[in-house]
Amino acid sequence: MNTEIIKKRISVRTYKEQEIAQETLEKVKSFIKQDKGLFNVPITFTILDANKTGVSSPVIIGANTYIAAKYKKQKNAEISLGYAFEKLVLYATSLGLGTVWLAATIDRKAFEKAIDLKEDEVMPVVTPIGYAGEKRSLRESMMRKGMKSDSRIPFDQLFFQDNFDKPLNKENSDLWALPLEMVRIAPSATNKQPWRAVVEKDRVHFYEKKAKGYEKATTGDIQKVDLGIALCHFEIAAKESGLQGTFVQEDPGISIAEDMEYIASFVLEV
Ligand SMILES: Cc1cc2nc3c(=O)[nH]c(=O)nc-3n(C[C@H](O)[C@H](O)[C@H](O)COP(=O)(O)O)c2cc1C
């Protein structure tokens, strides 16, 4: 996994009617068996054949294979799921497969039945996998336009130095430039981009900027899933930049707005 794959990933909702090569599918199967998530919260993935199980999404054309992910309700579960699922999305991208995170626009009942979801479990998202179609459907093109999927919030509105009063320019962000840029280009639910970060000398603190309507019983807090994606991208880019570190949860007590929540910090190992 590397930053080239992060840059290459894009949501695919229109697929070719072409079966996934057996060898490729086998690689995906063994990948989902190994994945461990973050903060010791295990994530379970299930590959579903749409023809056999009846699962579907109104925004997807042409795909017959889906992957659903679930966790047992507990602290940090959404973050772990976002982290593990994005690893899978990037791995699929590296194999030449298209994906798209789907939380809302799915036949949720059909998916939950197909993976035999229990009372104490949550399945926040699924993705189709398959080969991207030559041309996007009109619906997909309109969705991208509506969500401004090709643009992102400027760097200095997402990232800060020492506290939230000091915006951080990419030029001044030194060793953190690449990891933060990879957070900035991450996918997020309705492209809301709820990740914020405050940089200190040897650590980066991540926060969730909450918008209304993203926390539901059926999906958990979807914006925490977005934060898990951010941590995944950050870690991959940090490794590539030669930065060794780990994620911890030690709130530094930096003053935050009411709509914000501390998530985790990346701490450099010296
Ligand atoms: C947690 C999450 C949930 C999402 N849910 C949906 C969804 O229900 N339907 C959909 O069409 N796209 C969904 N998306 C895809 C986003 O709209 C997409 O990532 C964003 O617009 C940026 O576009 P890009 O992925 O092509 O960079 C979701 C993305 C994330 C990360």
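This is a predicted model: local features need pLDDT of at least 70, side-chain atom pairs count only at pLDDT 80 or more; totals for chains, interfaces and linings use all residues.
## Overall fold

The chain holds 9 helices and 10 strands. Its radius of gyration is 18 Å, close to the 18 Å that the globule rule gives for 270 residues, so the chain is as compact as a globular protein of that length. The C-alpha trace spans about 55 × 40 × 35 Å along its principal axes.

Take the contacts with a separation of 6 or more: 74% of them are between residues 24 or more positions apart.

## Burial and surface

Of the 270 residues, 53% count as buried. Here, buried means under 20% relative accessible area. The accessible surface of the chain comes to about 13,000 Å². Carbon and sulfur atoms account for 49% of that surface.

Charge comes next. The chain carries 39 positive and 38 negative side chains. The centres of these two sets lie 5 Å apart.

## Helix H4

Helix H4 covers residues 77-94, a run of 18 residues. From its first C-alpha to its last, H4 reaches 26 Å. That is close to the 26 Å expected at 1.5 Å a residue.

How many residues of H4 are buried? The count is 16 of the 18, so H4 is largely enclosed by the rest of the structure. Just after H4 comes Gly96, which takes a positive phi of about 85 degrees.

Terms used
Residues are numbered from 1 along each chain as its sequence is written. Side-chain values use heavy atoms; hydrogens and water are left out. Helices (H or I, at least four residues) and strands (E, at least two) are DSSP runs, numbered from the N terminus. The radius of gyration is taken over C-alpha atoms; the globule rule is 2.2 Å times the number of residues to the power 0.38. Buried means under 20% relative accessible area, exposed over 50%, partly exposed in between (1.4 Å probe, protein chains only). Contact means heavy atoms within 4.5 Å. Accessible areas come from the Shrake-Rupley method with a 1.4 Å probe; for residues, only the protein chains shown count as cover. Lys and Arg count as positive and Asp and Glu as negative; His and the chain ends are not counted. The place of a charge is taken as NZ of Lys, CZ of Arg, CG of Asp or CD of Glu. The expected span of a helix is 1.5 Å times one less than its number of residues.
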